[in-house]
Each structure stands twice: as structure tokens, then as C-alpha cells.
Amino acid sequence: MQPWTLVGVLSLLLAVPDALAVKSHDFKTCSQAGFCRRGRALSARAAETKAWKSPYSVDVSSIAITPDKAVFTAGVHSSLYPDIHFGLELRVHEDGVVRVRLDEVNGLRKRYDEAASWALIAEPKISQDITWTAGKKDIRAKYGNNEVVVAFEPLTVSLLRGGKPQVVLNGRGLLHMEHFRNKKVEETKTEEAAPAPEEGAEDAAEQVVLQAEAEPEVNPRAWFEGETEDDWWEERFSTWTDSKPKGPESLSIDISFPSHGTIYGIPQHATRLALPTTAGDSPTFTDPYRLYNADVFEYLASSPMSLYGSIPVLHAHSADSTVGIFHAVGSETWIDVSHASDKSTETHWISESGILDLFLMPGPTPADIFAQYSRLTGTPVLPPHWSLGYHQCRWNYISSEDIRTVQKRFDEEDMPVDVFWLDIEYADEHKYFMWDEKNFPDPVEMTNDVAANGRKMVVIVDPHLKRTSNYPAFQEASDRKVLVKQPNGEGEYEGWCWSGSSSWIDFFDPNSWDWWKGLFKTTALKSGWSWTSSTTDIHIWNDMNEPSVFNGPEISMPRDNIHYGGWEHRDVHNINGMLFSNLSSKAVQERTDPPQRPFVLTRSFFAGSQRFGAMWTGDNLGTWEHMAVGVQMVLANGIAGMSFAGSDVGGFFGNPEPEMLIRWYQVGIFNPFLRAHAHIDTKRREPFLLEQPYKGIVKDLLRLRYTMLPVWYTAFRETSVTGVPVLRPHYVVFPKDPKGFAVDDQYFIGASGILVKPITTKGATETTVYLAEDEVYYDYFSHHVYRGAAKGKEISVKAELHQVPVFVRGGSIVPTRERPRRSSPLMKLDPFTLRVALSKAGSARGELYLDDGVTYSHEKGQFVWREFTAQTAKKTVRITTKDLGAEKKEEAVDGVALASYNPTNVYAETIKDVRVEKIVVEGLSGKPASVKVEGGKELVWEYAPGIAAGGKGEGVAGVLTIKDPKVLVVKDWTIVIQL
Ligand code: NOJ
């Protein structure tokens, strides 16, 4: 095969947008994946057989409970394979999460059991407060209002709350752990006929008997396992053959939620937030949701197909409660979803390999689930502050002069931007770190020119290493023997990617870790090569880390490739991409002493990725459908931990017309991660290239994002402590409101009270917005008051091209900085504006969190964390502020102790003179008689009469604007408004 030239690659990738279509044939459907086909066939047989009964049961004589009563173990066997042994382990964590593990014991081989070790932050603390009661049919662990019941025959595990089942494992009898077997022995061995499924299980029994009469040598396990050894020992797909040296080892488990009718999560898929069905009556999708990290070219805007990242986390929700599941499995997994009624949900998880390692999160609220999941896998990172600004990317800025020109044009147009990006063409022959010296002769000077304006650069480093001796990253990896190996485990695996013939580092090998981190050092190392032609203002973009292999099966690595410890790629595929970006993130963090906060964007991710950086939704198309589903995908990623998420503004493929580009910027500025990006074949579309009035509209949008950075940073900080996502869909904010369960085109930003409904349809001039409660909502721009209703209400609002529907929920105080500058660091000492959006009851509350945004000094108490409140009593509104940092001694939900306020707070000192320059109070009941800082003189203010929050009717609110009240953001003060 010839090396991939740029032209060759482009001819493959370039297509007229209208003709774009996913190459479905590159990717397996369930029926093309042996283990998925077997899993679904098992489910179909169970559905057809009236009294289906799982053959798995608990060996009661083996039950053991540790002296501290927290860990239960028992042997499990399948009546079909009396000689095969399984071990069940159940632990109740301190916070009520139940971990259920099932593994084969003393099998021919060991199943991969390390997925959790990559996802979890620590060994969870075990509950000390459990009462076990053993009966004839089951054993029960009671703790608080919850109970876990292990039924013996057949084996089921149920989580109950208040006596009501919340989660049931194997209730449908689909548990099946394909044990390891020896091919030859298996073929010749005759096994004892297994009993029929169940006494009285007439259909199944009859089936066995009938088959036995017709063909005496019929497989007696066929009722459960199927008639044939379907793809047990080798599997073909397209031109590839998977050697499957371990034979069948898949794992099937049904997980039911008898009291929950809506489920969310298991990203990443391009689909609605409330997951549509894939099984049962008239399913929306015919295939299950697939989790198998893949580089899906021109993915569909509505599909259960796999995408770049996988997080096996699911929320099951009802108006009464939320429960969650986290399955720590790193192999390919398919998940069927069906509803027996609108009040219950059944799921069926089918994984190619690995042990059962399930965490049942009892809730009972969405916020509890976020805390429970964060305690397991960590809270999302608090990113560098500048990374919440605007990122300008394209494939490619072609030279250092190009970067300088783009920067100049942004400055000329007074458009804020924080980061310029370089895609793969900066690298000589796609050897990452190695500059193309012709076009980038002065990378350090180029970066310094960008940094002179407070800006940063992000440069791509992909995981495929060009196999050439003049590339230190490859040569050193090869010398250290840390590259992924071929199926036989001997030679280095070689595949094709941007750099032609390439190899991949095996980040499961600890020997690769320090070496990889060393490559990012900007100073020379004694021990090997380092990136001395870079600076600490360069941060990193990790792409293609599924991994994407152009000539591999499903555009990825063969499953029989070998990783550290002898594990096959199939066992770890979904974890693989995460390790690359986690290590890159640590590398950037540790290249300075003391460390600085890294920014690393990753395309592939897994449970735990949230601790390290941001992700984006990959190669979206320039279509309205992709714009809309991008919003839903960012929400779904957020509820599975990946809050720092965004989709390519403008659409990666295609040339958006101005209307679409503007709407995309409106989506983008309300995404946690805001980056414009474009395919190499697209026309340049930097916002300064637009004609008026479009240029002005985008400029205003970017400036709006910058004014709202205090809202974003405060939201990120809260998320890094509580795990509750930055973007909050309705069910998270109003868990008891069923009308909001399917709402996924509008959301709140953190706890700020800001509600956004991006427009994602062509030609829109108005839209409807759902208000879930009997409260006032203020239009962010016009101060128009809308009123919701106790049972929810839709309002109609204007949405002309320059308008994006944004509201402030009554009862919120929103801090902004209304003087956007060229980049966010330049705004560090700028004054604040407070918008006090009074509730119907005349109160409001908000928070502001600030720190230096780049170092870890906040972990030593160097931050400013203010609370603002407003209360109305006896015709007086008092707006006051206090220091939450000094007051609150908090712990993040993942157990990280938050530094308490440091009285010698160097950071607070640096902003000691920063003022609140304006306070805007919306919804007052009338013109004030006086407005003063408590104990001070009358302030300068003006009042525009209008609707009162506590009154009736809709229309423009009464708005009081207090000008320069001469109060400081770091000091306590009270403003008194006499009505
Ligand atoms: C694929 C990525 O998804 C895209 O964003 C990038 O521009 C290309 N690879 C080239 O690096």
C-alpha cells in the first residue's frame, strides 16, 4: 500500500456536503458482531419462551460475609455447566452505592478485570452499617431505607428503596458469562444433558424434547446458548479476520428499572437525551446502542451507532426517583433499551469480554447520582480559566505568518479570542512535535506573539507515531518496547494513519508514562528527546485516539493486538483513548514546576476522562440536524461526567451559509467548550470574514460569551466540587416534572439561573420555551418578564437571526463583566456587574468564584468565593454579599478536601480594588425612594418602570440600575433599597 499522501487522504475525505453519508459498511451492526448476535438471540429465545428461567444460581453453602458485614461473596454456577464456577461479590459502599462483581473462578484463562482500576479514583469506602438477613430463597442487606436482595435460584440481584425495586439484575434471565473453554476438547467432549429450564417451563422443555426426537445429538444447552457455535473461534468482518484466540468470552446481563420510565446517558451517541428504544414493540432504532470507540466518518445525526468515546453510565428517572448504573467494562458493549410500560425500562447489556463490574447508584435524586458517580470516578476538572474563552481552529492554519495574520484580524475587528489552534499540517510528515520548518520556522516566536496578548496556542499531537528512525517519539518508544504489539504478541503492530506506516504507544504499560511526559518538557532532558521548540503557552489536542487506524477493522486496531500484561485490544479498547489523553494532560501539567493547569482536548474518552480535560463531538456535518443533535450530545456527555464539552462551531464538513454560521455561534457560546473548527477543504470562515450585518452579530455573540465568563467559571467550579454538570437539562433541575423529561433543546448553565434555548432550525423567527415552574423568568436582553406555571408552561419568544433566547430565572443573581477585551486574561482586573433577578417572593441569590485561573494555588485557599443575596421585607430590598470561602468548610463530593480560605490570600489581594461597577435589579415593585450602601450616602441610580416580579402580568420588568455603587467584590457590603 502506498503511503497516504495529503492529496490521497483528501480525495477520500472530501465530498459535497449534500452527498455526505456515513460509510455504514465500515462498522458492524449487532448482527455482524458475533457476541452481540448471540446476546440478542438469547434475549429473543427468552422472550419467546413463556417460563424462561436463568440457569445461574447461588451456591448457598458457599455464602460468606466479611466480619465488618460489608462484603458478601458466594459461588455461582450455571446448571448447564456444573463444572464451571463463578464468583459473585457484592459490596455496599458508605454512600449506598452497591458494587456487584461476577467473574469466572479458576477458569481456563483470566477475564479482564482492570477496567474499574482505570476509571475509579480510589478504592471506595465500605459501609459500616449493614444488617444481613438470610432466608431460604434469598439473602438481604439492609442499610437505611435501601435494601439489596440476592435471590438464590435463579440468581437475581435487586436494589430496593422503601421496599420498592429500583434496579433488578437478571430479572429477565439474560445473565450469561461465556466461560473460557478449550476448542478441541470442547468439540469432542460429551456433556451431560442439562435440565430443562424450569419445572413447568413447558415451552422450553418441549422445545428440547422435540429437538431431541428429531436429532438425537442435539445440543441440550441450545435453549439457552443457541444451536451453533456462532463465531466462537474466529470472526470475519469485511476483509478482516479476528483470530479470537481466547474463544467466546462475552457477558450478557439484563438490568431492569421497574419504576423508571425514562433513561439517559451511555454517551456518546447522536441521539435524543431521553434515550429512544432499540427493542420491544416498534423500537425507534433497530440496533442496540453501541459503545465501541470509533472514528465514524460523516456520522448520522440520529443513530445508536458508536462514536469516538464511551461512558457506560446510565440514569433511570421517574418523578419519584432517579437511580444510576455504571458498568466498568472496557470492551465493546451493546445496550438494548425497551419499555414494557411508560413507567418501566428494561435494558440488556452485551459486552465482548471482561467481568461483570456493576455499580448500582441508588440516588434518589439526579444530584445524588452525580455525587455517587463522582465519588467513584472523580469530579470534572476545574480547567484553566482562559480555556473557557473562544478557540479559533481550522485544519489548517498553514504557517506562523498565517497565525499572526489571523490574530491581527481578530484584533482589528475587536473580536475576543483566547486560543489559536494548529492541526496536523504543522508537523513535518505528520510527525507530531516536529515542526514543518519551512512553514513554521519560528514556533517559539509565533507562540510568544500570541501569548503577548494573553493568548495561548493548542497544537495537535495524535497517537499514531510514524515508523521512521528520524522520529524520536517513535524511535524511543520502540527502543523502550512500549508499542502495542501484533496479535501474536511478538512484533510491533503497524497500521496506517495520517503519518503513513505508524505504531501506537501502549499506555497500559507503566514504562511508557514518564517517558511520554518527558517529551512535552520545553527544556532539554538528559534522558531523551523533549520538545524544546515549544513553550508553556502551548497546550494539546489529542485526536484519532479511538484509535483511528485507516486500514484496520472498523477503522481501528485489530482486537487481537496485544497490550501490556498480555491483554488483547478487545479487552481494553474503550479505555485505550482515555489513557493517551490522561497522560498528555499530566505531561502538560508537570512540564512546569510548580505545575500549571493543563488544557488537553480529547476526541476519545471513557469513564474518568472528566478528571483530565475537555472533549468535543468530532466530525459533525454542516447541517441543521447536526447542529441540533450537537446540543443533545453535549448534554448527554455532561450527565456522564464530561461537562467540558462542545461541538465544532460551523460544522466540520461543509461551508455554512451566514445564517447557519450565526446560529452555530449561538449554540457554541452556550457550550462549555467553544471552538470553531473546519475541514481542510472548506472555505475560510473566521468570523472577521463575514459581511455585515453577520460580522457584527458574531462579534456581539463572542463578546457576550466573554461578558459571561464569570458565570461559566463559577459553574465549572461548582461542577468540580459537586459533579452536577455545567449544562443542566430539565430533569436535573426539575426532577419531579414529567413534562420536562424529554426536553433536550434548552438547559440551564450551572446553578446560575441562566436558561438557554439555542435555535437550530433554518429560517426561525420565533420559538417556544418551556418554563417548568410558577416563577418569573426575565429575558436576558430585554428584561421582559415571562411567567411560568406550577404544572409547566410553554411561552413563545422572538428568535430573529440576531436573537438567541436566554433567560434569567427569577431568584438569581448573575455576575458578569461587561467590558469584553481581546482575550480573557486581559479582563482580570475589570469590574463586575450584578444582575439581581428578583423572584416572585422578592428574593434572589447567586455566587461568584474567582481564582488566578492557571495555577493550583486555589487548592491552597487562594480564591475568592462570594455569595450575593437579595431579600425583600417591609418595603425594603437588601442586597448583600459575604465570603463563602471564609465560611464554608467544604469537601468535594469525591472526597477532596477543599482548601479553607486563606487569610493571607495572595490572589484576593491582587483583585482587592476590583469594583462592582453596576447593579441591575429586575422586577422591583416600584420606583425606589432611596438607594444607599448601608450607612452611606444616596447612590446614583435610575429606574425604568415596568412589571413587578411579585405582581401580575407580563411585559418589560421594572428595572433599577445602580451606577458605580463603589463597592468592592472582595469585601462585605449591603445595599439598601427603600421602596
Ligand atoms: C479528525 C478530527 O476529528 C478533525 O477535527 C481534525 O481536523 C482531523 N482529524 C485532522 O487532524
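Of the 979 residues in this chain, 64% are buried. Before I go on, please keep in mind that this is a predicted model.

I'll stay with the whole chain for a moment. Its secondary structure comes to 19 helices and 50 strands. The radius of gyration is 29 Å, close to the 30 Å that the globule rule gives for 979 residues, so the chain is as compact as a globular protein of that length. Along the principal axes, the C-alpha atoms fill a box of roughly 100 × 70 × 55 Å. On contacts, take the pairs of residues at least 6 apart in sequence: 71% of these contacts join residues at least 24 apart.

Next, the domains. The chain is divided into domain 1, which takes in 30–178 + 246–377, domain 2, at 461–595, and domain 3, at 828–979. Between domain 2 and domain 3, the C-alpha centres are 48 Å apart.

Now two helix pairs. Helix H8 covers residues 400–412 and helix H9 covers residues 443–451; their axes come within 10 Å and cross at roughly 10°. Angles under 35 degrees count as roughly parallel, so H8 is roughly parallel to H9. Which residues of H8 and H9 meet? From H8 there are Ser400, Ile403, Arg404 and Gln407, and from H9 there are Glu445, Met446, Asp449 and Val450. By type, the residues of this contact are three nonpolar, two polar and three charged.

The second pair is helix H13, residues 624–639, and helix H14, residues 658–669. They pack at an angle of about 5°, and their axes are 11 Å apart. H13 is therefore roughly parallel to H14. On the H13 side, the contact is made by Trp624, His626, Met627 and Val631, and on the H14 side by Glu659, Met660, Arg663, Trp664 and Val667. Here the residues of the contact divide into six nonpolar, one polar and two charged.

You will find Glu123 in the loop between helix H3 (115–119) and strand S5 (131–134). Is Glu123 buried or exposed? Its relative accessible area is 57%, and exposed means over 50%, so Glu123 is exposed. Setting aside neighbours within four places in sequence, Glu123 is in contact with Arg91 and Arg99. Leu376 is 253 residues away from Glu123 along the chain, and the C-alpha atoms of these two residues are separated by 8.2 Å.

That is where I'll stop.

Notes. Residues are numbered from 1 along each chain as its sequence is written. This is a predicted model: local features need pLDDT of at least 70, side-chain atom pairs count only at pLDDT 80 or more; totals for chains, interfaces and linings use all residues. Side-chain values use heavy atoms; hydrogens and water are left out. Axes are lines fitted to C-alpha atoms, for helices over the stretch in contact, and angles run from 0 to 180 degrees between N-to-C directions. Helices (H or I, at least four residues) and strands (E, at least two) are DSSP runs, numbered from the N terminus. Angles under 35 degrees count as roughly parallel, over 145 as roughly antiparallel, 65 to 115 as roughly perpendicular and the rest as oblique. Contact means heavy atoms within 4.5 Å. Ala, Val, Leu, Ile, Met, Phe, Trp, Tyr, Cys and Pro count as nonpolar, Asp, Glu, Lys and Arg as charged, and the others, Gly among them, as polar. Domain bounds come from an automatic or database domain assignment. The radius of gyration is taken over C-alpha atoms; the globule rule is 2.2 Å times the number of residues to the power 0.38. Buried means under 20% relative accessible area, exposed over 50%, partly exposed in between (1.4 Å probe, protein chains only).
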